[in-house]
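Subject: Structure handover

Hello,

The structure I promised you follows here, and my notes on it come after. Please keep it open while you read.

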Amino acid sequence: MKDSVDIAIIGAGPAGTTASLFLCREKIPHLILDKSVFPRDKICGDAISGKASDILHKIDSAIHREFKLNTDKFLPCNGILFSAPNGKTLEVPFSNDLSQLKYAAGYVSKRFDFDHFLFRKLDRDFASVIEGAEIKYVAHVQEGIELHYFHEGKNKILTCKLLIAAEGDRSLAARSLGGYKMNPENYSAAVRAYYRNVKGMHSQNFIELHFIREILPGYFWIFPLPNGDANVGVGIPSHIVSQKKINLKDAMQKIINEHPVFRERFHNAELVGEIKGWGLPLGSKRRKISGDNFLLAGDAASLIDPFTGEGIGNAMLSGMKAAEQAKRCMEEKNFGKDFLKQYDEEVFRNCGDELKLSHRLQKLSRHAWLINLFFNKANRSKTLREYLPVVLYNPDNRKILVNVRSYLKLIFGH
Ligand SMILES: Cc1cc2nc3c(=O)[nH]c(=O)nc-3n(C[C@H](O)[C@H](O)[C@H](O)COP(=O)(O)OP(=O)(O)OC[C@H]3O[C@@H](n4cnc5c(N)ncnc54)[C@H](O)[C@@H]3O)c2cc1C
């Protein structure tokens, strides 16, 4: 016998749990399935942006408060330290006056902890949760969508009127319902590792992005973790990886073992666990993210910022918008693609411009000379340095960075 529900969510990462938490808040019953059993690891840089933190606040201010107070698991981070291909570094705090910040602008937390934190907040009165349930097949049927999944050694079938597909990068629903095909131009590959005893970590927990010539327009990152370890990785657009035949693990280890600065900083460092790789579906090309009876959210909808590699914020944003759309569907009893289009509009109204700008910045960051020029000038000009937080961390102001001419104007105008 087939089970049936009105709303099913696949994936309990940030996109799926955010959708579920908003549905719980509206007292709308639904089912959420994940192939993993929580807590589980997710390969990630573990940097939680201000956008993600803001959405957490929208979900529930008490949950947000609990998150902010738990600094053992969620480390407040106050800015970014960049380095240019010529080795010049630049510190850009999230605000020119850190004491004026109401909340830390960002956090770093192992996804093992952050995702588990969200997962534990699901309200079981409205969210029926099935862990260890792997979706194997999805298709349209007369009632809506049929899901085939494997759970506790058995194949099971479920139908739903509305599917929120939030199963991440390798989403089956994105491919079989949304017609998604991976394009290396809109995709990045990355590896991540945890290291203990990395020297020279920033005293105010700045995350570090290093633009190293050999891996441009990608970067090498070092992010501080709450337990004193570091999340370390390399991310590079996939078409560059294939063009230059880069092996990401080798590229990262070469930086750690041979780069004059990092060789020193990693001298006594110890790898904790393995170096692991995963993909980043970038939001550099707008795609259709809904259709009859389904919505795609998070990585399943390719919403990762092409310049920074940040995806948790937009995963949570789309989860929230998916829940709002689900509520409208239930009220209007309409699950048709024309009605669901509102979801695409809502999502891209909130992050579309930002994604476009970041795509242009990603293209500009291919030019080592331009990054060097920028860092040299910023290091000399206090006015430019003070202006940077305003430009970098406010997507509306980032527009000034999107073409070489306005970029040069910014540099020479300050
Ligand atoms: C190396 C790397 C570094 C990154 N660094 C950052 C960073 O520092 N900050 C940032 O904001 N973003 C970062 N990102 C991007 C970020 O990890 C993703 O954008 C984010 O996890 C997307 O959330 P999601 O909920 O859409 O998907 P996911 O977090 O991938 O969650 C998907 C869930 O679906 C489940 N699932 C998958 N398939 C199935 C199936 N068939 N059946 C049932 N369940 C299934 C999985 O178990 C998982 O729990 C990074 C990504 C990578 C690869």
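Three strands form an open sheet in the order 3-7-4, with antiparallel pairing; strands pair here if DSSP finds at least two bridges between them. Strand 3 (47-48) and strand 4 (75-77) are its edges, and each has a single partner strand, so one side of each has no neighbour in the sheet. Strand 3 and strand 7 (residues 106-108) run antiparallel and are joined by two bridges, and Y107 in strand 7 stands opposite I48. Helices (H or I, at least four residues) and strands (E, at least two) are DSSP runs, numbered from the N terminus.

Two points on provenance. This is a predicted model, in which local features need pLDDT of at least 70 and side-chain atom pairs count only at pLDDT 80 or more, while totals for chains, interfaces and linings use all residues. Residues are numbered from 1 along each chain as its sequence is written, and side-chain values use heavy atoms, with hydrogens and water left out.

An open sheet of seven strands has mixed pairing and the order 6-5-13-14-15-12-16. Strand 6 (89-93) and strand 16 (270-281) are the edge strands, each pairing on one side only. On average, neighbouring strands of this sheet are turned by 20° against each other, direction ignored; axes are lines fitted to C-alpha atoms, for helices over the stretch in contact, and angles run from 0 to 180 degrees between N-to-C directions.

Strand 5 (residues 79-83) pairs with strand 13 in the parallel sense over four bridges, and F82 stands opposite L209. In strand 13 (residues 207-210), I207 and L209 point one way and E208 and H210 the other way, and all are buried. Buried means under 20% relative accessible area, exposed over 50%, and partly exposed in between (1.4 Å probe, protein chains only). In a regular strand the side chains alternate between the two faces of the sheet.

Strand 13 also pairs with strand 14, in the antiparallel sense, over three bridges; there the bridge partner of H210 is F220. Strand 14 (residues 219-224) and strand 15 (residues 230-237) run antiparallel and are joined by six bridges, with I222 opposite V232. Helix 7 (residues 248-258) lies across strand 12 (187-196), strand 14, strand 15 and strand 16, and runs at about 45° to strand 12. Contact means heavy atoms within 4.5 Å.

Aromatic pairs

Rings of Phe, Tyr and Trp (its six-membered ring) pair if their centres lie within 6.5 Å; planes under 30 degrees apart count as stacked, over 60 as edge-to-face and the rest as tilted. By this rule there are 17 aromatic pairs. F38 and F119 have ring centres 4.2 Å apart and planes at 10°, so they are stacked. F38 is in the loop between strand 2 (30-34) and strand 3, and F119 is in helix 4 (residues 111-120), so the pair ties together parts 81 residues apart in sequence. F38 counts as buried at 9% relative accessibility, and F119 is buried with a relative accessible area of 5%.

F220 and F262 make an edge-to-face pair, 5.0 Å centre to centre with 70° between the planes. Since F220 belongs to strand 14 and F262 to helix 8 (residues 260-265), this pair ties together parts 42 residues apart in sequence. F220 is buried with a relative accessible area of 0%, and F262 counts as buried at 2%. One aromatic cluster is formed by F82, F211, Y219, W221, F223, F307, F374 and F375.

Nonpolar cores

A nonpolar core is a set of buried Ala, Val, Leu, Ile, Met, Phe, Trp, Tyr and Cys residues joined through side-chain atoms within 4.5 Å. The largest has 76 residues, and those with the most contacts inside it are L33, L56, F114, L147, L163 and I164. Helix 9 (residues 312-332) gives the most to this core, with nine residues. Apart from its neighbours within four places in sequence, I164 is in contact with residues including I7, I9, L295 and A326. A second, separate core has 33 residues, among them L90, V92, I304 and L388.

An exposed residue and the domains

S4, in strand 1 (residues 3-10), is exposed, with a relative accessible area of 58%. Leaving aside its neighbours within four places in sequence, S4 is in contact with L158 and T159.

The domain assignment, which is automatic or from a database, gives domain 1 (3-66 + 111-182 + 283-356), domain 2 (76-103 + 183-281) and domain 3 (362-413). The C-alpha centres of domain 1 and domain 3 are 35 Å apart.

Regards
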